[in-house]
Amino acid sequence: MTYLYIKNYGGVILRSTVQAGVSKIEGFGLYGFSEDELFAIHSSTLEVLEYTGLKVQCKEALEIFAEGGARVDFKTSIVKIPQYLVEEAIKSAPSTILLAGRNPKNDLILGGKRVGFINFGEGVSIIDPYTRKYRPTTKKDVADLTRFCDALDQLDAVLRPVAPHDVPPKVSVVHNAEAIFNNTSKHIFIGCDGKKVLKMAAAVVGGEEKLRDRPIFSCNICPTSPLQLVDHAAEVIIEGARAGIPVNMLSMAMAGATSTITLGGTLVTHNAEVLGAIVLSQLTQKGAPVIYGSSTTIMDMRTTTAPVGSPELGMINAGVAKLAQYYQ
């Protein structure tokens with residue numbers, strides 16, 4: 001790289017010598033893979049998507065894949081994605097995206113190696129701060145905890161914090177959205193019940209076009225490991241792409257359970273699920289905003305649970321981050 005160093009000393013501009021071939025490391029980084037190793041994971045992923053494929057349980061998604069050039073078996077719902085389609089989707093997906101806050105001062109730009117922080121979700125029980133009793137969470141808890149997250153300067157966005165168990169399950173997403181939209185001016189990550197939540201968000205910002213320009217919420221979708229996109233996940237990808245809403249493709253593969261026991265093999269499964277979902281997004285609408293997400297971890301063979309504090313989780317997270325940066 002070439003740099004021209006320009007410094008201001010007491011109002012006097014000094015131009016230093018142009019330097020060629022300068023390689024800079026700013027801050028601390030974790031380099032778990034070489035470029036060749038990342039390419040090997042990428043190549044293995046392309047092989048899985050083209051020859052093994054994804055099971056896609058959504059008729060509209062199958063039609064979009066077929067029209068886009070994938071090989072689709074409508075009887076088995078298996079989609080095999082040629083390598084060129086994956087490469088084109090990677091190129092057309094934007095490298096930076098805006099996660100708008102209702103208040104512009106809370107806007108968050110994702111891209112490169114920028115880091116932001118968010119709360120975890122979705123909790124299903126809580127220790128009541130007043131009674132100290134352990135109980136299921138309610139819609140009021142959603143509102144209260146959202147307001148709490150809104151007040152924390154350390155959080156850049158708000159993920160739906162807890163579940164509203166005191167409302168009918170079929171409409172819980174809508175109740176969640178109402179409680180959250182009314183209690184934060186930051187960007188929101190929320191499960192999406194398609195058109196209903198989109199209409200609510202459009203009403204908040206003043207119309208669908210304004211929502212497209214400044215999306216105040218994003219959707220999370222989780223492929224079902226190994227290598228499946230169920231109805232709901234595919235529908236959210238499609239609706240999000242059409243509306244210009246960012247969609248976080250969040251694989252939750254478990255090494256030793258829903259993916260191979262090796263961490264390298266798990267990264268391939270993870271990568272195939274995320275890239276397959278991104279292909280669907282880009283075939284629906286080129287340039288649709290997407291996020292390369294991860295909740296991938298290992299399975300504890302003794303307890304058959306996912307230990308989210310394990311060293312392997314940190315290793316997987318580092319690998320996933322490098323893959324996301326590899327694809328820009």
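Helices and strands here are DSSP runs, numbered from the N terminus. The model on screen is predicted.

Start with Pro226, in the loop between strand S12 (217–221) and strand S13 (228–229). Show the backbone: the peptide bond from Ser225 into Pro226 is cis, with omega near 0°. Next select Gly121 and Glu122, which are joined by a cis peptide bond with omega of about 5°. Glu122 sits in the loop between strand S7 (108–111) and strand S8 (125–127).

Two residues with positive phi come next. Select Ser77, in the loop that links strand S4 (71–73) and strand S5 (78–80). Ser77 is not a glycine, yet its phi is positive, about 65°. Ser77 counts as buried because its relative accessible area is 16%, and buried means under 20%. Then go to Thr304, between strand S17 (297–298) and helix H10 (311–327). Thr304 also is not a glycine and has a positive phi, near 50°. Thr304 is exposed, with a relative accessible area of 55%.

Move to helix H4 (residues 139–151) and pick Lys139. The side chains of Lys139 and His175 make a polar contact of 2.9 Å. Beyond its neighbours within four places in sequence, Lys139 is in contact with residues including Pro164, Asp166 and Glu178.

The largest nonpolar core has 66 residues; Phe65, Ile81, Phe217, Ile221, Leu229, Met249 and Leu280 touch the most other members. Colour helix H9 (residues 263–284), which gives the most to this core, with nine residues. A second, separate core has seven residues, among them Leu99, Leu159, Phe189 and Ile291.

Technical notes:
Residues numbered from 1 in each chain as written. Predicted model: local features only at pLDDT ≥ 70, side-chain atom pairs only at ≥ 80, totals over all residues. Heavy atoms only, no water. Helix = DSSP H or I, 4+ residues; strand = E, 2+ residues; numbered from the N terminus. Polar contact = N/O pair within 3.5 Å; in protein donor to acceptor, adjacent residues only side chain to side chain. Contact = heavy atoms within 4.5 Å. Core = buried A, V, L, I, M, F, W, Y, C linked by side-chain atoms within 4.5 Å. Buried < 20%, exposed > 50% of the residue type's maximum accessible area, 1.4 Å probe, protein only.
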